[in-house]
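Let's sit down with a model and learn to read its features one by one. Bring your questions, and we will go from the general idea to the case at hand.

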Amino acid sequence: DFNIFQVGHFLFGASLIWLGGDLLFGRSVQAKRIHRPITLAAGYLLVLLSASALWGEFWDQAVPTVYFSLYAVFFAFYAYLQREPRVGYFATAFLPLAAIKFCDTLNFEKWIFPLIALAVLYYALGYWLRHRQKARGWDQVLLYSGLGLGVLTSFAAPIQGGLEASIPVAIAATLFAAEAFALRNVWWAVPADALYLMSYFMILAELNVDEPQYYSIGAALLGMLMHLLLTSAGSKTGAFLAGMLSQLVLLGTTYIQMLSTEKLLFFFVLFIQSMVVLVYGLIQRSRSLVITPIVFAVLGVITVVYSALKGLGPVILIGSTGVLLLAAGIVAVLMRERITRLGEQLSEWKP
């Protein structure tokens, strides 16, 4: 009668009638319904088809905004009446979709800010429910919805661009840091560090910073922080990998720059970075923070020496290398007992 032909209208109504009817029958009919999984699968399929049609079919964004909002309300009541908290994920998913379409209605392009605000709201409510030890199951739905929405918003932030786009990413990282602190679980700090690093890189990119040192130093600092946290948590393998990878990023970037630019400045930068990390590693008694800077310092010296002597004949280079290797072998033989004791001491160090 209203000359409505968009399939989204029909799918929306059919999905609500189907799932609403299932809810009414479930509360009024006491007999066991062995076919209910099939009924629910059909209803959820209608919801998926309806959401897909609503997302791309309408030029007027007010229509999908209203429909997505109704879906969020419906599934919230549906999950509450059925006492199935996991169904609440539908409600927490449709509300951000409604927010995006509402922003399109207002021609507001930065919809990542309403989404990150929703993520904070979800997490805050879930945190409060968990702290009060009420509504078991619902707290996890809200907590995971907040964290998941924060991650999705972070992935969308670089697409929107702008210096302010790094703010939602940093907020999402803070949610994971809060969860790590609340659960006393250091592994929750891994996504927090990754998102903080992403926000840092976005800021540098928007400021047109193309010097690799800025990127590698930030990544190395977060890696060292992760190494410290994993060491405190007793994860030896994770701490060793975090320390080793952080130094490979930092010192490897400087070494590659030294090779590509052939500037002596980067040798001094590499040497200073290696010494700083080495001192920190000795203080922390960490093998991964001692081995890597020593290797790169030696490698940098050898590279500079080779660059300085490459104009000489091959015989001199081969002879110099042989003398150095022979001297190193003699020193190793004379100091074998000290080297053995040093190895025993390093075995007692942290990773």
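The dialogue below covers salt bridges, nonpolar cores and aromatic rings in this predicted model.

Q: Happy to start with charges. How many salt bridges are there?
A: Go by the distance between a side-chain nitrogen of Lys or Arg and a carboxyl oxygen of Asp or Glu, with 4 Å as the cut-off. By that rule the count is two salt bridges. In one of them, R130 and E179 bring their closest N and O atoms to 2.9 Å.

Q: Are R130 and E179 buried or exposed?
A: Read the relative accessible area, where under 20% is buried and over 50% is exposed. R130 has 21%, so this residue is partly exposed. E179 has 2% and therefore counts as buried.

Q: Which residue forms a salt bridge with K110?
A: That is E164, with 3.3 Å between the closest N and O atoms. K110 is in the loop between helix 4 and helix 5, E164 is in the loop between helix 6 and helix 7, and the two are 54 residues apart. E164 is partly exposed, at 33% relative accessible area.

Q: Now the nonpolar side. Which residues touch the most other members of the largest nonpolar core?
A: The general idea is that in soluble globular proteins nonpolar side chains tend to be buried together. Here the largest nonpolar core has 25 residues, and A157 and L195 touch the most other members. Helix 5 gives the largest share of this core, eight residues. Beyond its neighbours within four places in sequence, A157 is in contact with I112, A165, V169 and M202. Another core, of 19 residues, lies apart from this one; V47, Y71, Y78 and F94 are among its members.

Q: And rings: how many aromatic pairs does the structure hold?
A: A pair of aromatic rings is described by the distance of the centres and the angle of the planes. This structure holds 16 aromatic pairs. Take F12 and Y67, which are stacked, with 4.1 Å centre to centre and 10° between the planes. F12 belongs to helix 1 and Y67 to helix 3, 55 residues apart, and both are buried. For F74 and F75 the centres are 5.3 Å apart and the planes stand at 75°, so that pair is edge-to-face.

Q: Where does K101 lie relative to W55?
A: K101 lies over the face of W55, at 4.1 Å from the ring centre. W55 also belongs to a cluster linked by ring pairs, whose members include F12, Y67, F74 and F75.

Technical notes. Residues are numbered from 1 along each chain as its sequence is written. This is a predicted model: local features need pLDDT of at least 70, side-chain atom pairs count only at pLDDT 80 or more; totals for chains, interfaces and linings use all residues. Side-chain values use heavy atoms; hydrogens and water are left out. Helices (H or I, at least four residues) and strands (E, at least two) are DSSP runs, numbered from the N terminus. Buried means under 20% relative accessible area, exposed over 50%, partly exposed in between (1.4 Å probe, protein chains only). A nonpolar core is a set of buried Ala, Val, Leu, Ile, Met, Phe, Trp, Tyr and Cys residues joined through side-chain atoms within 4.5 Å. Contact means heavy atoms within 4.5 Å. Rings of Phe, Tyr and Trp (its six-membered ring) pair if their centres lie within 6.5 Å; planes under 30 degrees apart count as stacked, over 60 as edge-to-face and the rest as tilted. A charge sits over a ring if NZ of Lys or CZ of Arg is within 6 Å of the ring centre and within 35 degrees of the ring normal.
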